[in-house]
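Please open the structure in a viewer and keep the selection panel at hand.

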Amino acid sequence: MHFEVTPSRVHSASVVVPGDKSISHRALMLGSIAEGRSEVSGFLAGEDCLATLAAMRELGVDIQQPSATEMSIEGVGLYGLKAPARDLDLGNSGTAMRLMAGLMSGQRFSSVLKGDASLSGRPMGRIITPLTKMGAAIESECDGTPPLQVSGGLQLSGIHYDLPMASAQVKSAILLAGLYADGTTSLTEPAITRDHTERMLGSMGVAVATVSGRISLAGGQKLQACTVKVPADLSSAAFVILAALLAENAEVCIPSVGVNPTRSGVIDILQSMGADIVLENPQLLGEEPVADIRVRSSRLNGGIVDPNLVSLAIDEFPVLFVAAAAASGRTEFSGIGELRVKESDRIAAMSEGLRLLGITVDETADGAVIYGGQFGGGTVQSHGDHRIAMSLALAGSVASDRVIVEDVAAVDTSFPGFCESMYSMGADIRPVSEKLG
Ligand code: S3P
């Protein structure tokens, strides 16, 4: 499938975006090992979270789905999961793979975690190292990449671990394993990362302490079922925000978006570039801060993107590259080397795509310098990466000519209904299933 993007005029609108991917994964996993029934609303029915749903069902958890975005999870308690009859297929999802590795390390049975071609190339040494220190046994078939064989029946011990990279997935894998460990598990991270795991554990009655940057929990704590209202995903809203910013004279409102400060770096970065973005009706949805986001079309200026904001905006750099390409002057990104091990090498994929559309990009080892200009037409590759596909489609919507983005099926992993949402604000991005040419 490819996108055919026709330059179009974005107009004022109110645009609803689907539920948060990170929180939806966690609701399924934590709800499954809680005691009692957890009700989830606003769930992201995207392929990544559906892979986690299938995995939890394979582990014997009764999860009803009264509608696409609602889940009713009959928690089985910490030790109630059942040995799976087959390998757990986590599709394209790094979050599912890494968090499940932590969860499976504490079980009495063994399991195999596998994924698609993209996930099978992603580094798992980052979780294998700390989990092994805790007493887990995880074998990778190929040089630290999936499939992973996780041995069951091993008693884990709490450790202290200083994370070498800023990664909420690694942090969460350790905390999940820590629930099954003797004693206390603690960690530090080199930069603050999304804290959805800590917040949700807290709302399920688990004491997670964060003191002077040290996050810790005692093993053996039971989780109590709870109600989870999943906010709209800021990472998906980012595409709508940029479309509104790049329009002429549009005002777009996106209701009830998660604006957890460990996730909201994209707003700070865009505001530093001159974006008119206002958060209205701030409130708490359970443990998570949400707000309605109001965006007015703005002239963006380049500059140096604050490296301190990188871990707070880690998934938004593809869309920020498009913002930089549409801004006036030069924008410098550094400290984003982690982008090279996402669903694709996002620095390389975006640099290639933007260049094909006529933008000057100097790629560096851990970043890029982008010179603002006018997007031209052309055919670009997503490299099978949902965020690259959506970012380049957005560039196409303000290009001087038609843009084709190839290989876009992965958009359904995080933002089902992307084209419809874009269309509701006037952007003409059409999914086309036939073969090109
Ligand atoms: C996520 C953490 C981030 C992010 C990913 C979701 C999570 O990955 O890129 O999309 O839900 O914990 P890293 O932990 O690899 O930075």
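Begin by selecting S264, which sits in the loop between β18 (251–258) and α8 (265–272). Helices (H or I, at least four residues) and strands (E, at least two) are DSSP runs, numbered from the N terminus. The model is a predicted one, in which local features need pLDDT of at least 70 and side-chain atom pairs count only at pLDDT 80 or more, while totals for chains, interfaces and linings use all residues. Residues are numbered from 1 along each chain as its sequence is written, and side-chain values use heavy atoms, with hydrogens and water left out.

Is S264 buried or exposed? S264 has a relative accessible area of 13% and is therefore buried. Buried means under 20% relative accessible area, exposed means over 50%, and partly exposed lies in between (1.4 Å probe, protein chains only). Now display L234, V259 and L312: S264 is in contact with these residues, leaving aside its neighbours within four places in sequence. Contact means heavy atoms within 4.5 Å.

**Helix α7**

Next, select residues 234–246, which form helix α7, and find A237 within this helix. A237 is buried, because its relative accessible area is 0%. A237 touches V17, I254 and V257, not counting residues up to four places away in sequence. Then select G213 together with A237: the two are 24 residues apart in sequence, and their C-alpha atoms are 29 Å apart in space.

**The two domains**

Colour the chain by domain. The domain assignment gives domain 1 (2–19 + 231–432) and domain 2 (21–229); such bounds come from an automatic or database domain assignment. The centres of the two domains, taken over C-alpha atoms, are separated by 28 Å. To the contact between them, domain 1 gives 26 residues and domain 2 gives 25 residues.

**The ligand**

Select the ligand, and then the residues around it. Which residues surround the ligand? They are S22, R26, T95, R98, A166, S167, A168, Q169, R194, I314, D315 and K342. A residue is near a molecule if one of its heavy atoms lies within 4 Å of it. By type, this shell divides into three nonpolar, four polar and five charged residues. Here Ala, Val, Leu, Ile, Met, Phe, Trp, Tyr, Cys and Pro count as nonpolar, Asp, Glu, Lys and Arg as charged, and the others, Gly among them, as polar. Both domains take part, since the definition of their bounds is the one given above: the shell draws at least three residues from each of domain 1 and domain 2.

Zoom in on the side chains of S22, R26 and S167. An oxygen atom of the ligand lies 2.7 Å from an N or O atom in the side chain of S22. For R26, the corresponding separation between a ligand oxygen atom and a side-chain N or O atom is 2.6 Å. For S167, a ligand oxygen atom is likewise 2.6 Å from an N or O atom in the side chain. A polar contact is a pair of N or O atoms within 3.5 Å; within protein, one must be able to donate a hydrogen and the other to accept it, and residues adjacent in sequence count only if both atoms are side-chain atoms. The ligand on its own has 390 Å² of accessible area, of which the protein covers 95%. Accessible areas come from the Shrake-Rupley method with a 1.4 Å probe; for residues, only the protein chains shown count as cover. The elements that give two or more residues to the shell are α1 (21–32), α3 (94–105) and α5 (168–178).

**From V341 to P123**

Proceed to V341, in the loop between β22 (328–333) and α10 (346–356). V341 is partly exposed, because its relative accessible area is 28%. Now select P123: V341 and P123 are 218 residues apart along the chain, yet 7.3 Å separate their C-alpha atoms. Apart from its neighbours within four places in sequence, V341 is in contact with R122, P123 and R126.

**Backbone details**

Select P146 and P147, which are joined by a cis peptide bond with omega of about 0°. P147 belongs to strand β9 (residues 145–150).

Finally, select S212, in the loop between β14 (208–211) and β15 (214–218). Phi of S212 is near 45°, a positive value in a residue other than glycine. S212 counts as exposed, because its relative accessibility is 77%.
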